[in-house]
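Hi,

Here is the structure I promised to pass on.

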Amino acid sequence: MKKETKFMRVLAKIQTACGWFLSVSMAILAILLAFSFPVQACFFGLIAIGICQRVDLPDIVRVGVAIVGLIFLSI
């Protein structure tokens, strides 16, 4: 079995930090847009839930939520 190197632990922490940053920023954006653009706010909220680290979803669901949200936001 391979040992986890220090470099891989640092990369995992960076990935976690970036995931939290994206999730929180998308949630804030959804809250701010809820008053003027409620439909777009729903899709931003979906993307925030999809990329949140605490939500236990399979990777395929996360990718699907992100793609669907981005497609509907571009319309």
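Helix α2 (residues 38-51) and helix α3 (residues 59-74) pack at an angle of about 160°, and their axes are 9 Å apart. Axes here are lines fitted to C-alpha atoms, for helices over the stretch in contact, and angles run from 0 to 180 degrees between N-to-C directions. Helices are DSSP runs (H or I, at least four residues), numbered from the N terminus. At that angle α2 and α3 are therefore roughly antiparallel to each other (angles over 145 degrees get that label). Their crossing is left-handed, meaning that the near helix is turned anticlockwise from the far one by less than a right angle.

Before you read on: this is a predicted model, so local features need pLDDT of at least 70 and side-chain atom pairs count only at pLDDT 80 or more, while totals for chains, interfaces and linings use all residues. Residues are numbered from 1 along each chain as its sequence is written, and side-chain values use heavy atoms, with hydrogens and water left out.

Back to the α2 and α3 pair. On the α2 side you'll find Gln40, Phe43, Phe44, Leu46, Ile47, Gly50 and Ile51, which meet Arg62, Val65, Gly69, Leu70, Phe72 and Leu73 of α3; contact means heavy atoms within 4.5 Å. Sorted by class, the residues of this contact are nine nonpolar, three polar and one charged. For the classes, Ala, Val, Leu, Ile, Met, Phe, Trp, Tyr, Cys and Pro count as nonpolar, Asp, Glu, Lys and Arg as charged, and the others, Gly among them, as polar.

Now for the other helix pair. The axes of α1 (residues 6-33) and α2 cross at roughly 160° and come within 8 Å, so α1 and α2 are roughly antiparallel to each other. This crossing of α1 and α2 is left-handed. From α1, the contact uses Gly19, Leu22, Ser23, Met26, Ala27, Leu29, Ala30 and Leu33, and from α2 it uses Pro38, Ala41, Phe44, Gly45, Ile47, Ala48 and Ile51.

What makes up the largest nonpolar core? It has seven residues: Met26, Ala30, Leu33, Ala41, Phe44, Ile47 and Ala48. (A nonpolar core is a set of buried Ala, Val, Leu, Ile, Met, Phe, Trp, Tyr and Cys residues joined through side-chain atoms within 4.5 Å.) The elements giving two or more residues to this core are α1 and α2, and α2 gives the most, with four.

Leaving out residues up to four places away in sequence, Met26 touches Phe44, Ile47, Ala48 and Ile51. Ala41, in helix α2, counts as buried at 8% relative accessibility; buried means under 20% relative accessible area, exposed over 50%, and partly exposed in between (1.4 Å probe, protein chains only). With neighbours within four places set aside, Ala41 is in contact with Ala30, Leu33 and Ala34.

Lastly, two residues towards the start of the numbering. Met8 lies in α1 and is partly exposed at 45% relative accessibility. Thr5 sits in the segment before α1 and is also partly exposed, with a relative accessible area of 41%. From Thr5 to Ala27 the C-alpha distance is 33 Å, over 22 residues of sequence.

Cheers

Definitions and conventions
Angles under 35 degrees count as roughly parallel, over 145 as roughly antiparallel, 65 to 115 as roughly perpendicular and the rest as oblique.
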